[in-house]
Structure formats: structure tokens, C-alpha cells
Amino acid sequence: MNLPNIKDARIRTNNKINYMEAKNIKSDEFKGKKYFIRTYGCQMNVHDSEEIKGILENLGFNETDNLEQADIVVLNTCAIRENAHDKVFGFLGRLKHLKKENPNLIICIGGCMPQEESVANLLKEKYPFVNIVFGTHNISELGSLILEQKEKQQIEVYSIEGNVYEHMDYVRDSKITAWVNIMYGCDKFCTYCIVPFTRGRQRSRKMANILEEVKELKEKGYMEITLLGQNVNAYGKDLEEEVDFATLLENVAKLNIPRIRFVTSHPWDFTDEMINVIAKYDNIMPYIHLPLQSGSSKILKLMGRRYTKEEYINLYNKIKEHIKGVSITTDIIVGFPNETEEDFEETLDVVKKCQFDGAFTFIYSPREGTPASKIKDSISLKEKEERLYRLNEIINDYSLKHNKEYIGKTEEVLIIGTSEKGENKVCGYTKTMKLVNVSNAQSDIGKIIDVKITSAKSFSLDGEKVVFIKN
Ligand code: SAH
Ligand code: SF4
Ligand code: F3S
């Protein structure tokens with residue numbers, strides 16, 4: 001994919017981008033003004049938005065969840081599937097209308113979409129009311145772009161990765177659980193996936209910096225951290241220091257933060273050392289998200305996933321055998337170009353053999369610039385939709401079956417907030433990442449408590465706090 005080629009816009013093409021000076025800019029210029037931010041896409045974007053919030057608050061803005069009251073709106077976008085685009089362009093229509101009523105409204109589009117050449121050009125040509133367009137490699141520059149935007153539309157998107165940032169002023173969404181980036185980008189280049197283009201090549205953070213951040217979070221009272229990357233178990237492969245994910249995980253575990261999670265693991269990089277470390281430390285949660293994508297070895301090869309159906313199942317069984325009580329979820333794409341009914345049945349076969357705790361399932365969406373998008377596809381959308389439906393029925397049955405196994409058991413649950421279920425309930429997660437709605441625990445937000453599970457649905461559990469009566 002090429003660098004967006006936008007006439008009149010300021011696009012830098014130098015190899016080594018250095019806008020460190022733009023980091024953590026502080027100003028009073030927008031004191032008392034309000035920002036509204038909407039985040040699409042994966043955890044990477046959710047955490048990037050915490051960085052964006054830090055930048056905006058450093059300029060004096062305060063957050064509002066009321067769009068009508070906002071002085072600046074930031075959309076942090078995702079490009080993974082076509083429908084992600086549609087949502088953003090739909091929202092932009094609404095913003096255009098708002099800007100007519102409030103011409104001073106500052107509109108910013110960032111994240112993965114502007115990293116696509118066609119999108120950046122479209123924003124330039126057809127959306128002149130958008131003030132600022134920025135990409136994933138220059139988030140830290142947003143502060144200076146906002147201060148400069150009065151003169152003209154600012155478009156700064158880089159195709160070349162920037163530095164790995166340390167010590168950004170994050171405004172974290174939670175005081176209980178925190179994201180910790182361990183790497184940026186992805187080197188896997190699965191043939192259907194746009195991420196290596198929108199996020200760039202893999203760049204791991206130095207282990208010492210990651211450990212320092214986790215230590216700080218622990219001191220601030222955080223109960224849980226999630227190590228974040230598109231491919232966490234490829235951690236370190238790009239670093240000079242000899243370090244891998246198992247070593248990092250073990251060092252993080254030794255810092256004694258109560259709960260450690262990580263997403264996402266690629267089956268190809270999953271080592272025995274990782275399994276041993278996860279099994280050894282109580283504070284590494286027994287929950288693994290292990291994307292399968294397809295059960296057909298033929299399709300997996302076309303996807304560039306570098307494992308076969310059998311290798312995936314073997315790994316799955318090995319993890320189940322060595323990590324007590326582990327729960328495993330997955331991602332599956334239905335309808336990769338020319339996927340036959342037999343290929344799809346191979347996927348169903350893996351699902352039946354593995355009986356996942358849960359799965360995110362998607363219809364394949366061709367992404368411009370990726371190798372798979374050039375394959376001529378003979379399978380109709382209707383057929384793909386039917387397959388997705390069949391797959392989801394089975395997935396949901398297994399989720400429910402697993403969840404029902406919890407009924408009557410007592411589980412440790414980290415309570416993270418009030419429940420959407422109302423009735424004065426709170427909610428939290430088991431070690432195995434099951435969402436539980438809990439009654440009688442209003443004062444336990446931020447604590448790990450024992451909960452007796454009373455009922456189960458496909459996507460959540462219900463339970464009651466266990467109260468120990470001292471003799
Ligand atoms: N790095 C992670 C996931 C990244 S994106 C991994 O490799 O597992 C999250 C999920 O979106 C992927 O696991 C995949 O199932 C899905 N996805 C990615 N590209 C897609 C596409 N072009 N069409 C449909 N689904 C896609
Ligand atoms: Fe995309 Fe594959 Fe990288 Fe995951 S591992 S982000 S699916 S290229
Ligand atoms: Fe979407 Fe970008 Fe994440 S494309 S899934 S927000 S890395």
C-alpha cells in the first residue's frame with residue numbers, strides 16, 4: 001500500500017519520523033471546552049483512544065458523552081472490514097449537519113482508516129469540513145495538529161512507522177483494569193488482513209519499559225493488566241535484546257499484580273515455554289484467545305496462517321492438558337474466496353472437536369491492497385451468510401454448555417463496575433474471562449470476591465456474592 005498522495009496537504013515521507021517534540025504538549029488554549037471521542041475497532045484502538053484523551057486533556061479539553069455539546073470530535077477508526085468504514089462515513093454525515101449549526105466544531109479522523117490511501121484521498125476531496133486527518137503512526141502529533149488547524153485542513157498520515165513512544169499521558173478508562181502495549185504493528189501479513197498496512201511492521205517495546213509501566217500501574221492500585229499486541233507471542237523477535245514473550249510474561253507475573261491477561265496470540269508463535277509460564281503463575285489468567293480463522297488446511301495456506309488444521313488441534317489439546325481449567329476463545333472467518341462447502345465443514349469439524357468457550361465470527365471482507373482481495377471469488381454472499389448462521393448456532397451452543405458447567409460453583413470474580421442488568425447488580429470477570437452479573441456486591445467494585453454462580457446464558461453468568469460467616 002502506498003503513502004496517501006494528497007496535493008497541498010502536508011505529508012512527510014522521510015524515513016525517520018521524529019516528532020517527539022510534539023509529545024505531551026500542554027496548553028490552556030481550550031480550557032473549559034469539551035471533547036467527544038468515538039472509538040471503533042480492536043483493543044489497540046481502545047488503548048490509542050486513551051492516549052488521544054491524554055493529548056486532548058493536556059490542551060484543556062474535558063470529556064463529554066453528549067455530541068451536541070462538543071467543541072471537538074475525534075473518530076478513532078477501524079479498517080478491518082468494509083462495514084467498519086460504513087459506520088464512520090455514516091457518522092460523518094451527522095457531523096456535517098452539526099457543523100452547520102456550530103461552524104467552530106473541530107472534527108478529527110484518526111486511526112486505521114486514514115492509513116488507506118483511498119480513504120485519505122476521499123477525506124481530502126469530499127469532506128472538507130473535516131479539520132484534521134491523522135494516522136496510527138502519528139497519534140502523538142495530534143496536539144500540535146489541533147493547535148495548527150485554524151489555517152487549513154491538516155492531513156498528516158505516514159506510511160512509515162514512527163517511534164515507539166514511552167511515557168505518554170494516558171487518560172485510562174478504568175482505575176481497575178489497564179491496557180499495556182507490548183508491541184505495535186504486525187509482521188504476519190495474513191493474506192486477507194489490512195493490519196500490517198494500517199499499523200506497520202512489528203515494533204516491540206523494550207522489556208524494561210514494559211515492566212516499569214506495569215510496576216507503576218500496580219502502585220496506582222490497578223488489579224489487572226492486559227498485555228496488548230496484534231501478535232503478542234511474537235514479542236521480541238524484532239528487538240536486539242534476546243527476549244521472548246514467555247520471558248516477558250514471567251517477569252510481569254513476578255511483579256505480583258493480581259491479574260495478568262494478554263491478547264492476541266497467534267497459534268504459530270505459541271511455544272511450550274509460554275504454556276509452562278501460564279501454568280506456573282496463579283496471577284496469569286487461564287484464558288487464551290487463539291484465532292483459528294479456518295479449519296481447512298487448504299484455506300489456512302491461502303490465508304498465509306502457517307499452521308494446518310491438525311497443528312491447530314494439537315496445540316489446542318496441549319494447552320488444555322497443561323493449563324488447569326483454561327478457557328479458549330477464537331476468531332473465525334467464513335467465506336474466504338472460493339471456500340467450498342467441504343472447506344467450511346472442516347471448520348465446523350474443528351469447532352466440534354475444540355468446543356470453544358466463545359468465538360468472534362466474521363464474513364470475509366475484501367480489503368483493498370491485500371493479496372486475497374485479488375482472488376476471484378465464486379461463492380455468493382447469501383451462501384456465506386448461511387454458513388455464518390450455521391457456525392454461530394454451534395458456537396453459541398458450546399458457549400452455553402460451558403457456561404452451564406459453572407452453575408453451583410464458586411468463582412473468583414474481579415468486580416469492574418455496575419451491571420447493565422440493573423437491579424443494583426455489579427459485574428465482573430472470572431479468571432477464565434466469563435462475564436458475571438453479581439447481586440449483593442455494590443461496595444465491592446475494584447475487588448476480587450467469591451461469587452456463587454446461580455444461572456448461565458450463552459454470553460454471561462449470574463451469581464451471588466459468597467459471604468463467609470466467622471464462627
Ligand atoms: N491479530 C489478531 C487479530 C486481528 S483482527 C490475529 O491474528 O488473530 C481480528 C479478527 O478480524 C481476525 O482474527 C480475523 O478473524 C478478522 N479479520 C481480519 N481481516 C478480515 C477480513 N478481511 N475479513 C473478515 N474478517 C477479518
Ligand atoms: Fe492480521 Fe494476521 Fe497480523 Fe492478525 S496476525 S493482525 S490477522 S496479519
Ligand atoms: Fe481495526 Fe486497526 Fe484494530 S483495522 S481491528 S482498529 S488494528
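**View 1. Ligand 3 lies between two domains.** Domain 1 (19–156) and domain 2 (177–404), whose bounds come from an automatic or database domain assignment, both give residues to the shell around ligand 3, so ligand 3 lies between them. Its neighbours, meaning residues with a heavy atom within 4 Å, are Cys42, Asn45, Cys78, Ala79, Ile80, Cys112, Val195, Arg199 and Gln230. By class, six of these shell residues are nonpolar, two polar and one charged. Here Ala, Val, Leu, Ile, Met, Phe, Trp, Tyr, Cys and Pro count as nonpolar, Asp, Glu, Lys and Arg as charged, and the others, Gly among them, as polar.

A word on what you are looking at: this is a predicted model, in which local features need pLDDT of at least 70 and side-chain atom pairs count only at pLDDT 80 or more, while totals for chains, interfaces and linings use all residues. Residues are numbered from 1 along each chain as its sequence is written, chains are lettered from A and ligands numbered from 1 in the order in which they are written, and side-chain values use heavy atoms, with hydrogens and water left out.

**View 2. The shell around ligand 2.** Ligand 2 is surrounded by Cys186, Lys188, Phe189, Cys190, Tyr192, Cys193, Val195, Pro196, Gln230, Asn231, His266 and Arg305. This shell divides into seven nonpolar, three polar and two charged residues. Take a second look at Phe189: its phi is positive, near 50°, though it is not a glycine. Phe189 sits in the loop between strand S8 (183–184) and helix H5 (195–199); helices (H or I, at least four residues) and strands (E, at least two) are DSSP runs numbered from the N terminus. With a relative accessible area of 33%, Phe189 is partly exposed; the cut-offs are under 20% for buried, over 50% for exposed and in between for partly exposed (1.4 Å probe, protein chains only).

View 3. Of the 16 residues of H1, 13 are buried. Gly60 follows H1 and has a positive phi near 105°.

**View 4. A cis peptide bond at Thr264.** Val263 and Thr264 are joined by a cis peptide bond, with omega about -5°. Thr264 belongs to the loop between strand S11 (259–263) and helix H8 (272–280). For context, most residues other than glycine have a negative phi, and most peptide bonds are trans.

**View 5. Strand S19 and its partners.** Two strands pair if DSSP finds at least two bridges between them. S17 (residues 435–439) and S19 (residues 461–465) pair in the parallel sense over four bridges, and Asn437 stands opposite Asp462 in S19. S18 (residues 448–456) runs antiparallel to S19, with five bridges joining them. In that pairing, Ala456 is opposite Leu461. A hairpin of four residues links S18 to S19. Also worth a glance is Met433, in the loop between strand S16 (426–430) and S17. Met433 has a positive phi of about 75° although it is not a glycine, and at 32% relative accessibility Met433 counts as partly exposed.
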